[in-house]
Amino acid sequence: MTVRPGPLCVTFVDVRKAFHTVSHKSILNGAKRIGFLPSLLSHIRCLYTGGATQIHVGRTLGSVIRPRRGVRQGDPLSPLLFCAVMDWVLAQLDGQLGLELVGGVRVNHLAFADYVALLSTTPEAMKRLLCELEDGLSNVGLFPNLAKSASLRIVAMGKGKKWWCDPSQYLSMGMKVGTEVTYKLDQHLMQLSKAPLKPQQRLFFLHVHVIPGLYHELVLCRYSKSLLVNLIHSCRERSLQ
């Protein structure tokens with residue numbers, strides 16, 4: 001593609017565990033949106049609403065589990081269904097924002113499976129695109145993976161007809177800082193508070209399993225000191241309830 005000379009902002013967004021967490025309802029809606037035949041939609045509905053599994057440990061067979069998220073692994077139809085959902089999400093981005101190509105065509109994203117590259121000419125437009133993407137993903141059960149996402153900004157020098165990469169940070173991924181870790185911690189603490197465990201047992205699971213599971217994102221992402229303090233207080237208060 002031929003791009004008009006000018007500034008460029010790019011944000012690479014990885015969708016967290018996308019194939020495992022996309023909602024079944026959005027799969028049906030996405031397939032219907034791109035024109036799947038009614039007979040095929042009926043087949044997909046049967047596959048995803050009637051599915052069940054059980055876990056066999058030794059001689060014990062667990063209770064029936066009915067998944068409500070994720071595409072079927074190994075099914076050749078799964079990539080098409082997931083792409084239909086992502087196309088639905090990306091179609092909701094503001095078409096007035098983005099990078100203008102020669103010929104007047106405007107592009108605000110590039111996508112491959114669960115990886116998305118957002119394009120804009122200003123940081124303000126990029127922040128808006130990121131908010132729209134995050135809202136669209138949340139509506140289908142998906143969330144951005146902040147630890148595997150990054151952004152860059154290329155500045156154009158008008159008279160010299162040169163471009164250079166601006167290393168200064170112009171946004172914090174444009175998303176809600178701390179959303180990912182806070183959400184995960186809240187879910188784990190909720191499970192611990194409901195579990196029939198003694199306080200010391202809850203603390204053991206908190207320190208041995210929950211907190212180590214958050215190290216990766218806490219180390220690689222730029223979280224504020226106030227957020228970390230709030231996470232610590234949340235752990236202390238809720239794990240002993």
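These legends walk through a few close-up views of a predicted model.

Residues are counted from 1 along each chain as its sequence is written, and side-chain values use heavy atoms, with hydrogens and water left out. Because the model is predicted, local features need pLDDT of at least 70 and side-chain atom pairs count only at pLDDT 80 or more, while totals for chains, interfaces and linings use all residues.

View 1. Helices (H or I, at least four residues) and strands (E, at least two) are DSSP runs, numbered from the N terminus. Of the 241 residues here, 37% are buried. Buried means under 20% relative accessible area, exposed means over 50%, and partly exposed is in between (1.4 Å probe, protein chains only). Take the contacts with a separation of 6 or more: 68% of them join residues 24 or more positions apart. A contact here means heavy atoms within 4.5 Å.

**View 2. Helix α3, residues 38-49, seen on its own.** Which residues of α3 are buried? They are Leu41, Ile44 and Tyr48. Looking down the axis of α3, these buried residues fall within an arc of 60°, so they line one face of the helix. The arc is taken from the directions that run from the helix axis to the C-beta atoms. An α-helix has 3.6 residues a turn, so residues three or four places apart point the same way. Over on the other side of α3, Ser39 and Cys46 are exposed. The buried residues of α3 pack against α2 (24-33) and α4 (78-90).

**View 3. Where α2 meets α3.** The axes of these two helices come within 10 Å and cross at roughly 170°. Axes are lines fitted to C-alpha atoms, for helices over the stretch in contact, and angles run from 0 to 180 degrees between N-to-C directions. α2 and α3 are therefore roughly antiparallel to each other. As for the labels, under 35 degrees counts as roughly parallel, over 145 as roughly antiparallel, 65 to 115 as roughly perpendicular and the rest as oblique. From α2, the contact uses His24, Ile27, Leu28, Ala31 and Lys32; from α3, it uses Leu41, Ile44, Arg45 and Tyr48.

**View 4. Where α2 meets α4.** Here the axes are 8 Å apart and the helices pack at an angle of about 80°. That makes α2 roughly perpendicular to α4. On the α2 side you'll find Ser26, Ile27, Asn29, Gly30, Ala31 and Arg33, which meet Leu81, Ala84, Val85, Asp87 and Trp88 of α4.

**View 5. Ser26, a buried residue in helix α2.** Its relative accessible area is 3%. Leaving aside residues up to four places away in sequence, Ser26 touches Val85, Trp88 and Val140. Other buried residues of α2 include His24, Leu28 and Gly30, and what covers the buried residues of this helix includes α3 and α4. Just after α2, Gly35 takes a positive phi of about 95°.

**View 6. Gly213, in the loop between α7 (199-210) and α8 (215-220).** Is Gly213 buried or exposed? Gly213 is exposed, with a relative accessible area of 51%. Gly213 and Leu185 are 28 residues apart in sequence, and their C-alpha atoms are 9.5 Å apart in space.

Methods
Expected span 1.5 Å × (residues − 1).
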